[in-house]
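Me: I would like to go through this model with some questions. Please show it and start with the terms.

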Amino acid sequence: MGIGVKVKVWGDYALFSRPELKVERYSYDVMTPSAARGILEAIYWHPGLRWKIDRIYVNKPIRFTSVRRNEVKSKALASKVFEVYNGAEKPLYISTKQDIVQRASVILTDVEYVIEAHFEMTDKANETDNPGKFKDIMLRRLKRGECYHMPYFGCREFPAHFALCEEEKIHTAYENVEEKDMGLMLFGMDYSDLENIEPMFFRAVMRKGVIDLRNCEVIR
Amino acid sequence: MSDVIKNRYEFVILFDVENGNPNGDPDAGNMPRVDPESGLGLVTDVCLKRKIRNYVETVKEDEDGYKIYIKKDVPLNQSDREACVSVGVNETEDKKVTEELKKLKRNDPDADVKLRNYMCDHFFDIRTFGAVMTTFVKASLNCGQVRGPVQIGFARSIDPIISQEVTITRVAITTEKDAEDKNTEIGRKSIVPYALYRAEGFISANLARKVTGFTEEDLDLLWEAIINMFEHDHSAARGKMAVRELIVFKHSKELGDCPAYKLFDAVEVKRKEDVEYPRKYQDYTVTLRKEDIPESVQVKRMV
């Protein structure tokens, strides 16, 4: 794999919501592959490439804390926006007084990961694009700290700092743990059919602090 | 309208509280939020965003382009209008709307982008922080999630906080029955005697340009709102709160010049050595290590 990168990401908090517990959100123990992909895409993405996550290294012990916040439960209705767009005199906002709910989130604290990933070219790449160019752009951005928008751990209030991981040997927090089964985790969403977006899962096993995603079985 | 912003920004806000509760924790009976491991106080991102929204709403008074989408309360005149509608013809025509949307989508593939832009143009908070618009699946219309350029993390206090329970009494009794056998009612409030909090934020010029159209003018308003966010938010619970520093890092490029953590690390906030119990802002020193900041990044202390 000549086009792989290793990115170290760290932050104070993280929330990788479990789909089964998402009203009162509960984080997975570790970062999901789709969250890792989101972080890389926040740094660099182009229609001509597709990020594939190979490994996730868990560098800090898994610890949780809980935060309860006042949140709104509604979303903007497209139909309502459309009516106002067409000139209807209607109030267009969410009143927090009516729509407020208190929700707790169980979140991870003090996280650090190394994401090992590579990219594949897609058919949307331009003629002048090539893997070398994309890799150079990515490495330059990692070294300079440039990004499209600030990456985050699951939710935007938990920013992820990032840097190119230059260590040859990565020390995880679970080097002495031969194997830890984390159960079924979300692998990502399948967007190939936009009318019917489906989740994909995989059996997450952490070996010595590393989750290997190459050749993992993806369950739909 | 002025131009869409062209630079990435990072910012550090230092704000303090004196004898007040900056952000109550609904899980802990409205005591100030505390990180259980370190004892440091917390203020959530949404709390600060609420203040910014409130300030903009106060200053702009619903002026077009500066409406606020997520509101605390229904303004009176709008309730009035709703009341008028409710006595007149008031069709709930959800079905028709869906039909319309379907038609619109068929005739105009950019319909969802148009609706999104409409929302961004009219609402300051959507342009700034983004919003979730329903994916109108039936009509396969996807206004989707609008990510705004401005992103704020949790604020944390510099030193561990202690929260003090203050018991207060009130002579007016709520129910007549209670009035028969007691003269006062007892209430409680939690206060932090003093704490200095630090919040960090990010502004992505790319999202501004490609998604929401957040302009230079909006940016000025945002800074103004941050500086004044507690000035119009005084209440019995809050005590004295004030923004003490707003340090803005302006990158020379859209993508930025250096990692955000380097800039944040260059701002050091420390309790003075001879101070054991900080009780005022002057008990802290703020140092900005200019030598750690690349020359291409402009630093501005706005307060």
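Reply: Buried means under 20% relative accessible area, exposed means over 50%, and partly exposed lies in between (1.4 Å probe, protein chains only). This is a predicted model, in which local features need pLDDT of at least 70 and side-chain atom pairs count only at pLDDT 80 or more, while totals for chains, interfaces and linings use all residues. Residues are numbered from 1 along each chain as its sequence is written, chains are lettered from A and ligands numbered from 1 in the order in which they are written, and side-chain values use heavy atoms, with hydrogens and water left out.

Me: Is Lys8(A) buried or exposed?

Reply: The relative accessibility of Lys8(A) is 18%. The limit for this class is under 20%. Lys8(A) therefore counts as buried.

Me: With which residue does Lys8(A) form a salt bridge?

Reply: A salt bridge is a side-chain nitrogen of Lys or Arg within 4 Å of a carboxyl oxygen of Asp or Glu. Side chains of opposite charge can pair when their charged atoms come close. For Lys8(A), the closest N and O atoms of the pair are 3.0 Å apart, and the partner is Glu167(A).

Me: How many residues apart in sequence are the parts that this pair, Glu167(A) and Lys8(A), ties together?

Reply: Helices (H or I, at least four residues) and strands (E, at least two) are DSSP runs, numbered from the N terminus. Lys8(A) lies in strand β1 (residues 4-14) of chain A, and Glu167(A) in the loop between β6 (161-164) and β7. Glu167(A) is partly exposed, with a relative accessible area of 35%.

Me: What share of the residues of chain A is buried?

Reply: The C-alpha atoms of chain A fill a box of roughly 60 × 45 × 35 Å, taken along the principal axes. Chain A has 220 residues, and the share that counts as buried is 54%.

Me: Which residues does Tyr44(A) touch, not counting residues up to four places away in sequence?

Reply: Tyr44(A) lies in the loop between α1 (33-43) and β2 (49-58) of chain A. With a relative accessible area of 7%, Tyr44(A) is buried. Contact means heavy atoms within 4.5 Å. By that rule Tyr44(A) touches Leu49(A), Trp51(A), Phe134(A), Ile137(A), Met138(A) and Arg141(A).

Me: In chain B, which residues does Asp218(B) touch, not counting residues up to four places away in sequence?

Reply: Asp218(B) sits in helix α8 (residues 216-227) of chain B. At 0% relative accessibility, Asp218(B) counts as buried. Its contacts outside that sequence range are Tyr66(B), Phe124(B), Arg127(B) and Gly213(B).

Me: How much area is buried between chain B and chain A?

Reply: On one side 64 residues of chain B are in contact with 50 residues of chain A. Buried area is the accessible area (1.4 Å probe) that two parts lose on being put together, summed over both. Carbon and sulfur atoms give 58% of the area here, and the total is about 5,000 Å².

Me: How many salt bridges does the rule find across the interface of chain B and chain A?

Reply: The side chains of Arg156(B) and Asp12(A) meet in a salt bridge, at 2.8 Å from N to O. A search over all chains of the whole structure finds 46 salt bridges. Across the interface of chain B and chain A, the number is five.
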